[in-house]
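Please look at the sequence and the model shown here before reading on.

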Amino acid sequence: MRQRRLLPLNALRAFEATARLGRVTAAAEELGVTHGAISRQISQLEKVLGVELLAGSRNQPRLSGAGSLLAADVTLAL
């Protein structure tokens, strides 16, 4: 039987907050963690999914195409 891999919940929360707020720093403040923790969680999620979710500069990330699709679904789910 093929085993389904679950997505890491903390990484989904970090990504959703970043997508909704538009800034990693704002997401970190909302979730009560550091900027680095948010960045690591999003990197982990990108690695698990095999796609880039955020593009642009570190200070002003923007959602990639895949990131836009995922953000809408994750926001609804959370």
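The sections below treat the model, a helix, its salt bridges and a surface patch.

## The model

This is a predicted model, in which local features need pLDDT of at least 70 and side-chain atom pairs count only at pLDDT 80 or more, while totals for chains, interfaces and linings use all residues. Residues are numbered from 1 along each chain as its sequence is written, and side-chain values use heavy atoms, with hydrogens and water left out.

## Helix H1

Helices (H or I, at least four residues) and strands (E, at least two) are DSSP runs, numbered from the N terminus. Helix H1 covers residues 9-21. After H1 comes glycine 22, with a positive phi near 85°.

A residue is buried under 20% relative accessible area, exposed over 50%, and partly exposed in between (1.4 Å probe, protein chains only). The buried residues of H1 are Ala11, Leu12, Ala14, Phe15, Glu16, Ala17 and Thr18. Their packing partners are H2, helix H3 (35-49), strand E1 (54-56), strand E2 (61-63) and helix H4 (65-77), where contact means heavy atoms within 4.5 Å.

## Salt bridges

A salt bridge is a side-chain nitrogen of Lys or Arg within 4 Å of a carboxyl oxygen of Asp or Glu. How many salt bridges does a search of the whole structure find? The search finds 2.

In one of them, arginine 20 pairs with glutamate 16, with 2.8 Å between the closest N and O atoms. Both residues belong to H1 and are 4 residues apart, about one turn of the helix. Glutamate 16 is buried, because its relative accessibility is 8%, whereas arginine 20, at 43%, is partly exposed.

Arginine 20 also forms a salt bridge with glutamate 30, at 2.6 Å from N to O. Glutamate 30 lies in helix H2 (residues 24-31) and arginine 20 in H1, so this pair ties together parts that are 10 residues apart in sequence. Through shared partners, Glu16, Arg20 and Glu30 are joined into one network. Glutamate 30 counts as partly exposed because its relative accessibility is 41%.

## A nonpolar surface patch

Patches consist of residues with over 30% relative accessible area and no salt bridge; like charges are joined within 9 Å, and nonpolar side chains (Val, Leu, Ile, Met, Phe, Trp, Tyr) within 5 Å. Leu7, Leu49 and Val51 make up a nonpolar patch on the surface, together having about 200 Å² of accessible area, as given by the Shrake-Rupley method with a 1.4 Å probe, where for residues only the protein chains shown count as cover. Leucine 49 is part of helix H3, and its relative accessible area of 33% makes leucine 49 partly exposed.
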